[in-house]
Amino acid sequence: MNIGIIGSGTMGIGIAQVAATSGCEVFLYDANSAQTEKSLEGLQKVLARLVEKQKITQESSENIFNRIKFSTELSDFKDCDLVIEAIVENKEIKTKVFQQLEEIVSDECVISSNTSSISITSLSAELKNPARFIGIHFFNPAPLMPLVEVIPGLLTKENLAAEIYSLMESWGKIPVIAKDVSGFIVNRIARPFYGEALRLVEENIATPEQIDEAMRSLGNFKMGPFELMDLIGIDINFSVTKTVYADYFYDPKYKPSLLQQRMAEAKLLGRKTGKGFYDYSESQEPRSKNKDIEQNNEVREMIFMRIISMLVNEAVEAKRLGIANDEDLELAVQKGVNYPKGLLAWGIEIGFDKISATLQNLYEEYQEERYRQSPLLKKM
Ligand SMILES: NC(=O)c1ccc[n+]([C@@H]2O[C@H](COP(=O)([O-])OP(=O)(O)OC[C@H]3O[C@@H](n4cnc5c(N)ncnc54)[C@H](O)[C@@H]3O)[C@@H](O)[C@H]2O)c1
């Protein structure tokens, strides 16, 4: 199978590695060919490390690398069966590339986007043949994160989602099918993990260290919200939140945090700038500014319950709206953002009535829409 990948940045090169590893011929194109050179050099190092660790043989490493063709012209994509676009997150620029691509590939070629936040339906509507267009959303780093959200738009032909689903399985991925809503599954239902944590800090209720500790110890999360934001990049996380907020017509549930905006303005972006909520100037391990993070169980429990209740409520609302089936909702958070369990399962474990009571208390205290419950929560 011939796969075309447009954009050889962080995501494009990772997806190329995944496709080539499963035996596809890959054509990799970037408007900036120096980027492709740099990414291919990086891939060589990644493959060498896999050989060293005896994860793959020298021979298969060479085969994987040789299956990726460095394309300097989009016209190299003429025999592709599937094209995955992973360029800059800008609708106008993506649309231009798709229109150019439609003149090159055959009518049977499937065209897809790895966009995190642009509506698949709106991208497809700009194509001559929108029925062949679909979202295929990988997570970063693509070779390591198993989840892939497959997103048919309103104009996507029937069966295409099922075909891409099977293809992703054959690439060793764990696909889920998501509705074309802002944030798809993960970037929508995981928002309160960051948002509610930021709010607790803004209100001086707890420090980032205390919150991270509570989520790790009571929730078994590998990373707390602040460590994770530092890893993702505070600017990136902030921009996803802003997009989701605007796309849901400014639903107060998704209101971005002023603290996060200030951090982004100050270029305290996390690991990539050496400082975020933690300090990375001496090592990649987050170093706390406040050493003393002892806290009593009551505070720890309150932090955990507030964040987990918001998350479970989002998952229940996604279920109610049919954004994905239950199984996919559960898989999405476990395989896309490493949650220790699915949020619906968590609701059962804690008790949906307890989740509902927590949100009711918050709603009464703050009188804010932010804490409104999914109509399904009380029926669970
Ligand atoms: N980085 C992530 O964590 C992540 C995760 C999932 C999805 N995504 C999505 O994947 C896409 C790519 O993100 P990224 O992080 O890999 O970006 P990136 O900046 O690392 O790479 C983008 C590449 O696209 C190239 N490019 C820009 N305009 C082009 C054009 N007109 N034609 C050809 N190439 C062009 C750039 O030269 C650059 O190399 C975005 O849509 C993003 O939303 C990113």
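Domain bounds in these legends come from an automatic or database domain assignment. The structure is a predicted model, in which local features need pLDDT of at least 70 and side-chain atom pairs count only at pLDDT 80 or more, while totals for chains, interfaces and linings use all residues. Residues are numbered from 1 along each chain as its sequence is written.

**Figure 1. Domain 1 and domain 2 of the protein chain.** Domain 1 covers residues 2-177 and domain 2 covers residues 187-379. Taken over C-alpha atoms, the centres of domain 1 and domain 2 are 30 Å apart.

**Figure 2. The contact between domain 1 and domain 2.** Nine residues of domain 1 are in contact with nine residues of domain 2 (contact: C-beta atoms, placed from the backbone, within 7 Å). On the domain 1 side, strand β8 (residues 174-177) gives the largest share, three residues. Helices (H or I, at least four residues) and strands (E, at least two) are DSSP runs, numbered from the N terminus. The domain 1 side that touches domain 2 has seven nonpolar, two polar and no charged residues. Ala, Val, Leu, Ile, Met, Phe, Trp, Tyr, Cys and Pro count as nonpolar, Asp, Glu, Lys and Arg as charged, and the others, Gly among them, as polar.

**Figure 3. The crossing of helix α8 and helix α12.** The axes of α8 (residues 191-202) and α12 (residues 258-265) come within 8 Å and cross at roughly 90°. Axes are lines fitted to C-alpha atoms, for helices over the stretch in contact, and angles run from 0 to 180 degrees between N-to-C directions. Leu198, Val201 and Glu202 of α8 meet Leu258, Leu259 and Gln260 of α12. Four nonpolar, one polar and one charged residues form this contact of α8 with α12.

**Figure 4. The shell around the ligand.** The ligand is surrounded by 23 residues, and the closest are Gly7, Gly9, Met11, Ala31 and Asn140 (a residue is near a molecule or strand if its C-beta atom, placed from the backbone, lies within 6 Å of it). Helices α1 (10-21) and α4 (91-102) are the elements that give two or more residues to the shell. The largest share, three residues, comes from α1. By class, the shell has ten nonpolar, eleven polar and two charged residues.

Terms used:
Contact = placed C-beta atoms within 7 Å.
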